[in-house]
Structures are given as C-alpha cells and as structure tokens.
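I opened this model to take notes on its fold, its confidence and a few residues. The entries follow the order in which I looked things up.

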Amino acid sequence: MTFDLNESTKHFKRTIIAGDLNAQSRQWGYKCENTTGRRVSKLCASTNLKLLQSCYSKATFTHNSNKVKSRPDMTMVSEDIHNSIEWDVIEDIGSDHLPILLKITCQNANVPTTHKPVECFKWQYNKADWKKFKQVSDIMTSKLQNFIGSIDEQYDLWVDGIINAASVSIPKCTNKTGGKKIKSKSLTSLVKKRNDAKKNKDKSQFQKKTLQPDHQGN
C-alpha cells in the first residue's frame, strides 16, 4: 500500500507514517533541502501530522564513504496520538540503518482485567502452499477493486484478506512445538562479529590508502 503525499486529507486519526523517506531539510539537520524534504515539511504544516525527528535527534544512517551521519528515516504521527508515543533509536540489529522503536501508550477503560493469554505462533514459510496463497489473495484483491468505502475500511479488508490467505495456505506452529528461538545472547554475539568485521574492513582500507606511494614526491 502506498501513501500519496499530495492527497487532500488534512485531518488524520490514529495515524503513523514511517519509513526511509530520504527527505532532506535543514529542519532535521541536513545542510540542504530536496523535493521530498519540502513535501514532508508542507504535509506537516498543512495537516495535523507531527514529525518526531528534529536536528537534535540521533542519526539512523552513516554513509560508508565519508562517515557523515544523517536522518533519512522519518516518523510522522497524527496529533491525537502524539502525546501517547515514546520513541528511540536503538542499537544495530543487522541493517545499515539503525532501527527506530516506537512505544504507544493505550488508554482504554473497556480493557478487561483478566484475559486469556495470547497464543504465540510462527508461520512455517518453508511448508507454505504459495499457489493457494496467491489464489485466495487474488480474490481479496478483486474485491478491493470494486469496493467503495473509506481508506480505513479498505485497509481492514486488505489485512483480513492477507491473514485469511495465510491461514489457509501457510502452516503454523506454536512456541511449544515450534522451532528454537534465537537467544538474545546469540544474536548479540553475531551482531558484534558483523560490526567488528566492518570495522576491520574500514581500517584496512584506510591503511591501504595511507600507505600508497606519493607519485608526486620522490
């Protein structure tokens, strides 16, 4: 699903827009401004969306060539949930971009005090019937093409269709009978090894450049 920055909606409810927008603006620390940056600024100025990032926010990306840090990953939220959101840039988990963690505080007086624990499961993608998944999801897509309703209703129909297609074509297993979990210590160790390898590579490239003979000298 795509989001058109030019759409006429001015008032959003319970909305979070996030991604690697590569929107450059002096407002959030860039030295110049590009077209996407101007569009994001205009969107926030003309609607009730608020941008979480600023020029003081922690950078999420470091360019390999010049080591310049930047903030291409942006998060906009609607005003009605802005005060309920906490966010932070967390440690590297394997991508060249640092992930942004959003925490939303939900206040709902109708939430029951006791409830059944949610069953956790994993999709077994290696055993999936992708042909069947496509057939079922195509039916959902054809319904969407002729559906007349709000964007929220279309979104709910789309999500229900994808989950229904997955439920009938991809086996599931619970944590009790499923595969092994990745231990946090193991993941931390792998990330550390990857980061060390990157540092050693950068160091060796720097030393190689430093040790190159000066052709202009003797």
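The notes below start with the whole chain and end with single residues.

**Entry 1: confidence**

I noted at the start that this is a predicted model. I looked up the mean pLDDT of the protein chain and found 76. I also noted that 74% of its residues reach 70 or more. I then went to residues 111–118, where the pLDDT is below 50. This stretch has zero contacts in the model beyond near neighbours in sequence. I checked residues 176–183 as well, and there pLDDT stays under 50 too. For residues 176–183 I wrote down five contacts beyond four places in sequence. Where pLDDT is low, predicted coordinates should not be read in detail. I took no detail from either stretch.

**Entry 2: the whole chain**

I counted secondary structure next and have five helices and nine strands for the protein chain. Reading from the N terminus, I wrote the order as β-α-β-β-β-β-α-β-β-β-α-α-β-α. Of the 218 residues, 23% are buried. For the accessible surface I have about 17,100 Å², with 53% of it belonging to carbon and sulfur atoms. I also looked at contacts with a separation of 6 or more, and 62% of these join residues 24 or more positions apart.

**Entry 3: a three-stranded sheet**

Which strands make up the open sheet, and in what order? I read the order as β1-β5-β2, with antiparallel pairing. β1 (16–20) and β2 (49–51) stand at the edges. Each of these two has a single partner strand, so one side of each is left without a neighbour in the sheet. For the twist from one strand to the next I noted an average of 20°.

I then followed the pairing of β1 with β5, which covers residues 73–78. The two strands are antiparallel and share five bridges.

**Entry 4: G29**

I located G29 in the loop between β1 and α1 (35–46). Is G29 buried, exposed or partly exposed? I found a relative accessibility of 42%, so G29 counts as partly exposed. Setting aside neighbours within four places in sequence, I found G29 in contact with C55 and R71. I also took the C-alpha separation of G29 and K69, which is 9.7 Å. Along the chain G29 and K69 are 40 residues apart.

**Entry 5: aromatic rings**

I searched for aromatic pairs and found two in the structure. Y125 and W130 form a stacked pair, at 6.4 Å centre to centre and with 5° between the planes. W130 also pairs with F133, and I logged this pair as edge-to-face. For W130 and F133 I have 5.7 Å centre to centre and 80° between the planes.

Why are W130 and F133 about one helical turn apart? Both belong to helix α3 (residues 130–145), and they are separated by about one turn because they are three residues apart there. The ring pairs link Y125, W130 and F133 into a cluster. Last, I checked the exposure of W130 and found a relative accessible area of 44%, so W130 is partly exposed.

Terms used:
Residues are numbered from 1 along each chain as its sequence is written. This is a predicted model: local features need pLDDT of at least 70, side-chain atom pairs count only at pLDDT 80 or more; totals for chains, interfaces and linings use all residues. Side-chain values use heavy atoms; hydrogens and water are left out. Helices (H or I, at least four residues) and strands (E, at least two) are DSSP runs, numbered from the N terminus. Buried means under 20% relative accessible area, exposed over 50%, partly exposed in between (1.4 Å probe, protein chains only). Contact means heavy atoms within 4.5 Å. Accessible areas come from the Shrake-Rupley method with a 1.4 Å probe; for residues, only the protein chains shown count as cover. Rings of Phe, Tyr and Trp (its six-membered ring) pair if their centres lie within 6.5 Å; planes under 30 degrees apart count as stacked, over 60 as edge-to-face and the rest as tilted. Two strands pair if DSSP finds at least two bridges between them. Axes are lines fitted to C-alpha atoms, for helices over the stretch in contact, and angles run from 0 to 180 degrees between N-to-C directions. pLDDT is the predictor's confidence in each residue, from 0 to 100.
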